[in-house]
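Thanks for asking me to look this one over. Here is the model, with my notes below it.

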Amino acid sequence: MPGAVVPTVRIQAEDFDVAAEIARLTKGRADIGAVVTFSGLCRDEAGRLSALELEHYPGMAEAEIARIAGEATERWPLQGLTVIHRHGKVRPGENIVLVVAASAHRQAAFEAANFLMDYLKSRAPFWKKEHHGDGSEGGWVDAKESDDKAASRWRQAASKRK
Amino acid sequence: MSTRLIYFAWVRERIGKPQEDVELPDGVETVADLLRWLKSRGEEYEHALRYPDVIRVAINQEHVEHREKISGAREIALFPPMTGG
């Protein structure tokens, strides 16, 4: 039933285990037909980066992701939803973010995971700073206009439905 | 009543501190007024807030527009566009 699920939101410095997070949502249940996971990883940008440092706004990061996750549970019939976002220093190849959406059918799970990521990119209070392979400190990553556009298409989709 | 201002990412680096408590002068009623007033407080603020349109603002940990009234805000955060995910 829409809105009945309470999303799990965690903001943490430690890494996470994707398989364990899927198992946590599906264990002991026979009503889930689809699980979609999205993992975001740190790239090295062709050897240029040694790490990304993620600054966040403690308190608001949790609250804002919980607001976005709550909206997803109202828009799609989900049976489980987990969002984990790391902060601090993350090295190339390591995880940054995880979304796990569980539903009876695949379409709701795919769309909810996609929606979550589009909104996280432009509304969750995190900022990435680059660290270079030669040890020097790089700059702050610029926000992409394409991320704002990706988030706004969900608002258009919602207003068309009304 | 004092208001806590919190800064993140390059806004924090340019202003040179993570947070401060300020007494807002009369006439500072909206977020846009606040940005204009802060900008006049010294060259580090001028540097951080040179292009006020790009600055994102949260009041009591919720996103707001620059036209939003700030009366009663305990905590106002200023930061660049977000780059999480």
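The points below go through the model, its core, its strands and its chain contacts.

1. A word on the model first. This is a predicted model, in which local features need pLDDT of at least 70, side-chain atom pairs count only at pLDDT 80 or more, and totals for chains, interfaces and linings use all residues. Residues are numbered from 1 along each chain as its sequence is written, with chains lettered from A and ligands numbered from 1 in the order in which they are written.

2. Start with the largest nonpolar core, which has 56 residues. Such a core is a set of buried Ala, Val, Leu, Ile, Met, Phe, Trp, Tyr and Cys residues joined through C-beta atoms within 7 Å; buried is defined as 20 or more other C-beta atoms within 10 Å of a residue's own, with C-beta atoms placed from the backbone. A:Ala72, A:Leu78, A:Ala101, A:Ala112, A:Leu116 and B:Ala77 touch the most other members. Helix H3 (residues 106-123) of chain A gives the most to this core, with eight residues.

3. Among the buried residues of H3(A) are A:Ala112, A:Phe115 and A:Leu116. Those three are also touched by A:Ala72, as are A:Leu78 and A:Leu81, not counting residues up to four places away in sequence.

4. Now follow strand E4 (residues 78-86) of chain A, where nine of nine residues are buried. E4(A) pairs in the parallel sense with strand E1 (residues 8-12) of chain A over five bridges; pairing requires at least two DSSP bridges between the strands. Here A:Val9 stands opposite A:Val83. With strand E6 (residues 95-103) of chain A, E4(A) pairs in the antiparallel sense over seven bridges, and A:Leu78 stands opposite A:Ser103.

5. There is also an open sheet of four strands in chain A, ordered E5-E3-E7-E8 with antiparallel pairing. Its edge strands are E5 (88-90) and E8 (137-140).

6. Finally, the two chains: 14 residues of chain B are in contact with 21 residues of chain A, meaning C-beta atoms, placed from the backbone, within 7 Å. Helix H1 (9-15) and strand E5 (75-79) of chain B each supply at least two residues of the side that touches chain A.

How values were computed:
A residue is buried if 20 or more other C-beta atoms lie within 10 Å of its own, exposed if 12 or fewer, and partly exposed in between; C-beta atoms are placed from the backbone.
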